[in-house]
Structure formats: C-alpha cells, structure tokens
Amino acid sequence: MDLTLHLTEACNLRCRYCYHQKSSKTMTAETLRSALALTGPSDRAAVSFFGGEPLLGRSLILEAFAECDRIRRDTSRHFMFQMTTNGTLLDEEFLQIARERSMIIALSYDGLAQDRNRRTAGGEGTAALVEDKIPLLLQHLPYAPVMMTVSPACAGLLADSVRRFVEADGFRYILFNPAFGPGISWTETDLTVLAEQYRRLGDLYITWHRQGRKVWLGPFESKIDAHIHGVSVCARSCALGSHRLSVAADGSLYPCVQFVGDPAYRMGDVRSGVDEAARTRIQATQRPQAVCGTCALRGRCRHSCGCLNKLTSGDPRVTGGEACAHERLLIAQADRIGETLYRGKNRLFLRRHYDETYPLVSLLEDLIT
Ligand code: SF4
Ligand code: SF4
C-alpha cells in the first residue's frame, strides 16, 4: 500500500487558488509510525510527504526515514520517497539527505505567475525566494519535476513560463494543471486563452523533440500514452483507496488528497486500520456518469478520477463542465503533437513512447554525457 502523509495542515504561504483548510494541526510521531505500518505486506511502497507545507514537519520526515529503515531491516520492504513542496524552506542539508534517499521532490512553482498567485501570509510575492532555491534543487536532484498551477487570470503566462523552466532553469520534467475548486471559474474566454497556450506549448514540445532535447511535459505525455495503450494512466492505476491511502494529520484515512477532512469519505484511521465497509461504499461511488459512457474520448480522459470530479463538481461521480472542456483541449493538442512527431519519425518520440527499454537507456545516456 502506498501512502500520502499529510504531515501538517500548516503552510507558510497563502496561494490564491489554495483550497486546503489551514491550521496548526501536525501529525505526531506515533501517528506517523502507525501509518507506515499500514504499508505492509507489499515488497515496495511509495511514501509521499504532503501538507500544507511538508517541510514545516521536517523532523517528521527524518523520523519517517528512520522508521522505514527499521521496517526494511525486518521485512526487506523497499521504500520510495516523494515530496511536494512550495520550495521556500529547501536547504542544502535537506537536499543532501533527499539525494541519499533518491527522493523525488516536486516543486510547486508557477513561473511567471508566481508573484501573482503564490504569496506569503503577509501578501508578498515568493518568486525571488523560490528562484534562489532552484539551482540548489537541480544540482542535487537533476530530475526534480516542477508543477505549475494555471489560474484563469494567468493562463496567458503558461507557455513562456514552461519555456523558462526548460531553457533558463534547466528542468526536464514539467507538469501544468489548471486551478479548479471553490471560487475559481473558467470562462469561455479563459479557455480560449488556455487553448492558444497549449498550441504554443505543443510547438515548443515538437521543437525540443526535433532538437533531441529530453523534455517531458506530463499532461501531453499522459494523453499520448493513453492513445497508444488505449486507456489512461489514471484509469489503470486509481481505485479510490485500493493502492494508495491519504493519511490526515490526525491519523484518519481517506481515499485520496481531495477527500481529506471530509467525514463522508473517512475510511478508518491508522490505529484501527482501513474500515472495509467504508472503502467498499466509497469505491462504489466511482462510476462514470452516463454522458461519458458514449464519449469517444472516455479512454483518455480523467472523467473517472474521483478526486478531480469532487474538486470540479463537488461529487466524485460527476466531472465538472470546466474539467470536461479542459480534457478536450488537452487531448486535441496531444493528438496534434503525436501525429506530427510520429509521421515525422522523430527518433526521441518513438523511443520514448514505443520502446520499453527507453527509461533505463535514457538514464544511462544521461550519465555518460
Ligand atoms: S503552498 Fe500549497 S498548501 Fe501552501 S498555500 Fe500554496 S497551494 Fe496551499
Ligand atoms: S471529455 Fe467530457 S464527456 Fe468525454 S469522457 Fe471526458 S468528461 Fe466525459
């Protein structure tokens, strides 16, 4: 079982689109240890540190490493560590430890929109603060992904931000997702701006591939992958609470991050374990709505993601209209990119999407160049 540990509900930022309820509630070491015991009996388990801002619970992360070492000695279970952070509290000492642990640190950073959307509690922009940390992050973890949240007001800054991530900062793995949730609304005009940004990003992606530059743009990759394999990664891997649990700071268990704190979706706690009746009831809600059943895009769309649905419609069974419109934009652009590179027999594209040995071979190539 994989775990997402919500170490704390506290955060040092006040991002404009943030929907997390903040408080000073922080996980105890005892709750953390009980949570990690839930990973058994699998051979491998992924542990993600999440918040609020997880680096406010830095001592808990170190505690988790020590506990996982102890479990590993007893069981041979292998742990993979991930963290999503706003980056403001990263430092050399932590990054050295993260490197020793081969931890994946995903940096939430909005590029040219950072100062407008991601601010301190005092209302100050955080661009300079985070930009200072990026060279240090990539020096220790060159494959660290950057995750940009795109708000409607800043949609026009997406393509130039991604270009900067790649060409100025040196990121290779980039994710970008629209902000959804309470108080956020995408108008037709906003979606038109976003569509144009996706077209520009598509052109950049094609150019970088023609240059042989290894840049991974997550949302495009997943739609291309779903076209090739006939089903989306989301649909293949997610079954609310079957493979991964979200653990709240108080030790309550939920099927995914979007549900944390909602009593209707609580499915046990770290002391008593998973409430199987609650899990069965919650998983029964993950049925596609009728309109998706006849849609030609359903195999490549995230309509079955209960997390996205809850965020965009309030109901895990129903995909919000804005999310549906966005999935259509993304798939159309991924198809244009995929067709262009496939027809052009682009070597990097064909290896990345059709050669199963590519991840390993690519890593070896990077090590010797
Ligand atoms: S850094 Fe994350 S948790 Fe903190 S305010 Fe921003 S989006 Fe919310
Ligand atoms: S594109 Fe819209 S209608 Fe089609 S499967 Fe996705 S959410 Fe459903």
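**Reading the terms**

A: In strand β5, methionine 147 is the residue opposite serine 108. The model is a predicted one.

Q: What makes β4 and β5 a pair?
A: Two strands count as paired when there are at least two bridges between them. β4 and β5 have two bridges, in the parallel sense, so they meet that cut-off.

Q: How do you know that β5 also pairs with β6?
A: Five bridges join β5 to β6 (residues 173–178), and the two strands run parallel. The cut-off is at least two bridges, so this is a pair. Within it, threonine 149 has asparagine 177 of β6 as its bridge partner.

Q: Which strand does β3 join, and over how many bridges?
A: β3 (residues 78–85) is joined to β4 by four bridges, and they run parallel. Threonine 84 is placed opposite alanine 106 of β4.

Q: What is the order of the strands in the open sheet?
A: The sheet has nine strands in the order β7-β6-β5-β4-β3-β2-β1-β8-β9, and its pairing is mixed.

Q: Why are β7 and β9 called edge strands?
A: β7 (216–217) and β9 (253–254) each pair on one side only.

Q: How do β1 and β8 pair?
A: β1 (residues 2–6) and β8 (residues 244–247) are parallel and share four bridges. Aspartate 2 has arginine 244 of β8 as its bridge partner.

Q: Why is β5 called mostly covered?
A: Of the five residues of β5 (residues 146–150), four are buried. A residue is buried if 20 or more other C-beta atoms lie within 10 Å of its own.

Q: What makes the side chains of β4 alternate?
A: In β4 (residues 104–108), Ile105 and Leu107 point to one face and are buried.

Q: Why is arginine 210 called partly exposed?
A: Arginine 210 has 15 other C-beta atoms within 10 Å. Buried needs 20 or more and exposed needs 12 or fewer, so a count in between is partly exposed. Arginine 210 lies in helix α7.

Q: Why are α6 and α7 called roughly parallel?
A: The axes of α6 (residues 158–169) and α7 (residues 188–210) cross at roughly 30° and come within 8 Å. Angles under 35 degrees count as roughly parallel, and α6 and α7 are therefore roughly parallel to each other. Leu158, Ala159, Val162 and Arg163 of α6 make the contact with Gln197, Arg200, Leu201 and Leu204 of α7. By class, five of the contact residues are nonpolar, one is polar and two are charged.

Q: Which residues are around ligand 1, and how do they divide by class?
A: The shell around ligand 1 consists of Cys11, Leu13, Arg14, Cys15, Cys18, His20, Gly51, Gly52, Glu53, Asn86, Ser108 and Arg118. Four are nonpolar, five polar and three charged.

Q: Which helix supplies the largest share of the shell around ligand 2?
A: α13 does, with three residues. Both α11 (290–293) and α13 (321–343) supply at least two residues each. Residues around ligand 2 include Cys292, Cys295, Cys301, His303 and Cys324. By class, that shell has six nonpolar, two polar and three charged residues.

Conventions
Residues are numbered from 1 along each chain as its sequence is written. Chains are lettered from A and ligands numbered from 1 in the order in which they are written. This is a predicted model: local features need pLDDT of at least 70, side-chain atom pairs count only at pLDDT 80 or more; totals for chains, interfaces and linings use all residues. A residue is near a molecule or strand if its C-beta atom, placed from the backbone, lies within 6 Å of it. Ala, Val, Leu, Ile, Met, Phe, Trp, Tyr, Cys and Pro count as nonpolar, Asp, Glu, Lys and Arg as charged, and the others, Gly among them, as polar. Axes are lines fitted to C-alpha atoms, for helices over the stretch in contact, and angles run from 0 to 180 degrees between N-to-C directions. Angles under 35 degrees count as roughly parallel, over 145 as roughly antiparallel, 65 to 115 as roughly perpendicular and the rest as oblique. Two residues are in contact if their C-beta atoms, placed from the backbone, lie within 7 Å.
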